[in-house]
Amino acid sequence: QPTILETNVDILIIGAGPAGLMAAASLAHLTPVPSASPLSVRIIDKRSTKIFSGQADGLQCRSLEIFDSLGFADRAWKEANHMIEICMWNPDDSGMIQRSDRIPDTIVGLSRFQQIVLHQGRIERFFLDNIQKYSGGAIEVERGIMPISLEIGEEYVKVKVRKLTEEEAAPPQVRTGSKSNVTDGIFRSNLVGDDYENKKITRERNGGVETINARFVIGCDGARSWTRRALGPEFELQGEATDFIWGVMDIIPITDFPDIRMRCAIHSANDGSLMVIPRENHMVRLYIQLKEVTPDASGRADRTKITPELIFGAAQKILKPYKIDYEYCDWWTAYQIGQRISPSFSHPSNKVFLAGDAVHTHSPKAGQGMNVSMQDSFNLAWKVGLVAKGVCHPRILDTYQSERRRVAQDLIEFDHKFSRLFSGRPAKDVMDAEGVSMAEFKDAFLKGNLFASGLSVDYGPSCLVVKNGDPGELGDRSNRSRELEGVHKITEEAFNAKQSLAKGLPVGMRVNSFKVLSQSCARPWHFQERLKADGRFRVVLFAGNILNRNQKLRVQAFCDRLSSPVGFLRRATPEGARIDSVIEVLTIHSAKRTETELLRDFSDILHPFDPRTGWDYNKVFVDDESYHEGFGDAYSNYGVDKERGCVVAVRPDQYVGWIGELEDFEQLQEYFEGILVW
Ligand code: FAD
């Protein structure tokens with residue numbers, strides 16, 4: 001009888017797709033925040049390698065902002081295909097497709113990034129490298145491992161895992177397409193030469209079974225999530241499938257269709273719809289409606305009947321009179337549109353959480369699944385990590401469900417509407433009630449673009465977000481909503497007064513980015529670049545016109561309280577740790593840079609002194625003209641008064657948590673008292 005190996009870990013992540021890798025990367029970045037002992041994190045996946053081609057490919061602005069806060073947006077930005085314009089193609093009076101509209105792919109001015117496309121395998125590669133770098137090798141995906149039981153105890157969640165054989169861990173190759181002899185692609189190498197897999201699997205194991213005692217478990221194991229099922233039927237996905245079947249092909253096209261390098265939404269008169277997504281390495285992804293494949297009596301389509309030839313034949317019909325062919329196909333698949341969501345994203349004990357496809361699935365055409373999945377675990381990981389480190393109060397864990405389930409619900413509704421409009425036959429005229437109005441489709445596309453950017457996310461009130469409105473529901477095993485703990489009670493009037501101090505920084509939304517200059521070296525920075533995802537909260541002091549005598553006194557009074565031993569900054573900082581290790585104070589002032597001096601005009605607490613490294617020159621910024629990169633006009637863009645300024649608290653994930661006057665120190669103190677343990 002082999003003895004079962006038993007190990008303890010702070011956080012166990014099950015599943016190393018985009019959601020799991022985002023969780024691991026975010027946790028790897030929490031090292032600057034001190035704790036009694038280093039955080040131990042493990043991530044397991046039943047597959048023997050990462051994926052190499054196919055699946056998700058669209059990266060929205062918010063995902064790129066997050067990648068930047070983790071330090072690898074530049075890799076994706078360089079390698080990806082950039083999506084600049086969308087062309088709409090509809091039938092004319094004779095039924096022939098024609099270009100009817102062009103719109104920008106990303107709403108202009110929304111973010112410093114625009115939507116790009118790069119396949120999921122590369123994105124997983126960037127994550128793996130980032131995790132290796134920031135964890136110093138301590139966090140590594142352990143492949144070929146699957147959980148077999150999960151038991152939630154008082155102190156630990158006991159997860160029994162089993163090591164799989166090579167054959168068990170390799171997913172089946174589905175089918176061969178005659179044209180380019182390609183399977184459904186999951187294990188094919190892609191076109192980028194440097195993609196490799198470091199197959200490090202081995203941990204000491206006895207008899208192939210191990211019990212992992214985890215303080216927290218994050219289930220990121222995809223649409224058929226084992227973790228979700230282990231939590232019980234109350235977590236099962238709810239929703240419906242439609243009759244619409246779509247095929248997907250990644251090919252290098254040979255065609256006379258003029259917009260093949262644009263993102264296109266094409267509605268043919270009678271042969272269905274098609275979406276063109278131009279990709280990296282000459283490739284194009286085609287999403288193709290399969291009108292000839294219909295679900296059986298059970299409501300499911302027989303996917304074994306779908307071949308690449310059948311899918312491509314449908315594309316050729318839709319694109320007529322244009323011709324399209326290919327020699328190289330990288331990947332293909334088929335899916336039936338449906339929208340499903342789990343009633344609950346976390347176990348009421350707040351010890352087990354679910355993220356990504358494990359709790360929401362929908363059609364891939366709006367390019368949301370991977371983005372929203374990564375953003376789920378980005379929202380969750382710092383909260384779990386900081387609670388595990390003993391820095392944050394466990395009540396913040398409730399905000400994962402209240403914040404992210406609402407986003408998923410919005411996504412499901414958006415996808416429901418969008419996919420029906422896309423799959424419907426275009427209306428012949430205004431009297432054609434069964435057809436889809438192309439004007440309505442364009443309108444949905446335009447509105448959808450804001451949603452699809454990921455930048456419309458607006459978290460409700462909680463202990464982390466001081467605003468008024470609906471705190472959102474928690475849900476629990478008995479389907480009753482639990483109260484969200486520590487929600488700040490603030491009237492609409494009081495909130496509006498606070499929000500008016502910085503209209504361009506809506507509380508509950510992510511900090512938009514404008515350029516500011518370093519006071520010390522005049523280098524322009526996109527302000528968001530200073531908000532790294534390293535687990536630290538930030539207080540942004542808009543110091544206003546620091547050269548005005550009265551304003552200087554106001555700033556000085558704020559800084560005096562900030563420096564006080566009973567103020568939140570010192571109380572939050574553990575003995576012997578750097579003063580900026582839990583909360584970092586960043587300043588943006590609006591006086592002329594050349595008339596202001598860092599050491600003369602700014603209190604020491606705003607650029608703290610370290611005996612080994614001297615003054616900190618990276619914390620004070622100015623809203624002024626740069627030599628080479630223009631004027632960011634940050635105060636105007638953030639809607640902050642240039643004379644009086646204001647104070648903004650920013651969460652570790654770049655969302656605005658609180659806004660107040662320089663005199664509202666007590667309220668800011670209360671905000672942190674509700675979140676941090678000291
Ligand atoms: P997954 O990527 O499914 O990862 C789950 C991981 O868990 C896998 O590695 C799996 O091996 C592992 N796992 C599963 N079960 C177990 C277990 N029992 N034990 C251990 N490990 C387990 N999204 C976009 O954002 N943009 C797009 O353009 C886009 N296009 C798409 C196109 C297609 C054709 C498809 C199919 C999907 C597309 N998506 C897109 C969706 C996107 O792929 C998913 O939403 C995304 O991969 C979800 O990430 P995840 O980490 O939650 O789950």
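Predicted model: local features only at pLDDT ≥ 70, side-chain atom pairs only at ≥ 80, totals over all residues.

Biologist: How far apart in space are Leu274 and Tyr287?

Modeller: Tyr287 is also among the residues that Leu274 touches. In sequence, 13 residues separate Leu274 and Tyr287. From C-alpha to C-alpha, the distance between them is 5.5 Å.

Biologist: Let us step back to the whole chain. Which domains does the domain assignment give, and how far apart are the C-alpha centres of domain 2 and domain 3?

Modeller: The assignment lists domain 1 (5-82 + 113-239 + 339-452), domain 2 (241-338) and domain 3 (492-673). Between the C-alpha centres of domain 2 and domain 3, the distance is 50 Å.

Biologist: Which residues come nearest to the ligand, and how is the shell divided by class?

Modeller: Of the 35 residues around the ligand, Ala19, Asp45, Asp57, Asp357 and Met370 come nearest. By class, the shell has 15 nonpolar, 13 polar and seven charged residues.

Biologist: What polar atoms lie by the oxygen and nitrogen atoms of the ligand, and how much of the ligand's accessible area does the protein cover?

Modeller: A polar backbone atom of Met370 is 2.6 Å from an oxygen atom of the ligand, and a side-chain N or O atom of Asp357 is 2.8 Å from a ligand oxygen. For a nitrogen atom of the ligand, a backbone N or O atom of Lys46 lies at 3.1 Å. On its own, the ligand has 990 Å² of accessible area, and the share that the protein covers is 89%.

Biologist: Now to helix H9: is Arg404 buried or exposed?

Modeller: Arg404 lies in helix H9, residues 398-423. Leaving aside neighbours within four places in sequence, Arg404 is in contact with residues including Phe345, Asp376, Asn379 and Tyr459. Its relative accessible area is 1%, so Arg404 is buried.

Biologist: And Lys532: what does its side chain reach at 3.3 Å?

Modeller: Lys532 sits in the loop between strand S20 (524-526) and strand S21 (537-544), and is partly exposed at 32% relative accessible area. Lys532 and Ile66 are 466 residues apart in sequence, but their C-alpha atoms are 8.8 Å apart. Asp68, Ser69, Arg538 and Pro652 are the contacts of Lys532 beyond four places in sequence. What its side chain reaches at 3.3 Å is the backbone oxygen of Asp68.

Biologist: How far apart in space are Tyr134 and Ala265?

Modeller: Tyr134 lies in helix H4, residues 120-135, and its contacts beyond four places in sequence are Ala28, His29, Thr31 and Leu70. Tyr134 and Ala265 are 131 residues apart in sequence. Their C-alpha atoms are separated in space by 40 Å.

Biologist: Lastly, the backbone: which peptide bond is cis, and what is phi of Ala522?

Modeller: The bond from Lys320 to Pro321 is cis, with omega near 10°, and Pro321 has its place in the loop between helix H7 (308-319) and S16. Ala522 belongs to the loop between strand S19 (515-518) and S20, and counts as buried at 15% relative accessibility. Although Ala522 is a residue other than glycine, its phi is positive, near 70°.

How values were computed: Residues numbered from 1 in each chain as written. Heavy atoms only, no water. Near = heavy atom within 4 Å. Polar contact = N/O pair within 3.5 Å; in protein donor to acceptor, adjacent residues only side chain to side chain. Areas by Shrake-Rupley, 256 points an atom, 1.4 Å probe, with all protein chains shown as cover. Nonpolar A, V, L, I, M, F, W, Y, C, P; charged D, E, K, R; others polar. Helix = DSSP H or I, 4+ residues; strand = E, 2+ residues; numbered from the N terminus. Buried < 20%, exposed > 50% of the residue type's maximum accessible area, 1.4 Å probe, protein only. Contact = heavy atoms within 4.5 Å. Domains from an automatic or database assignment.
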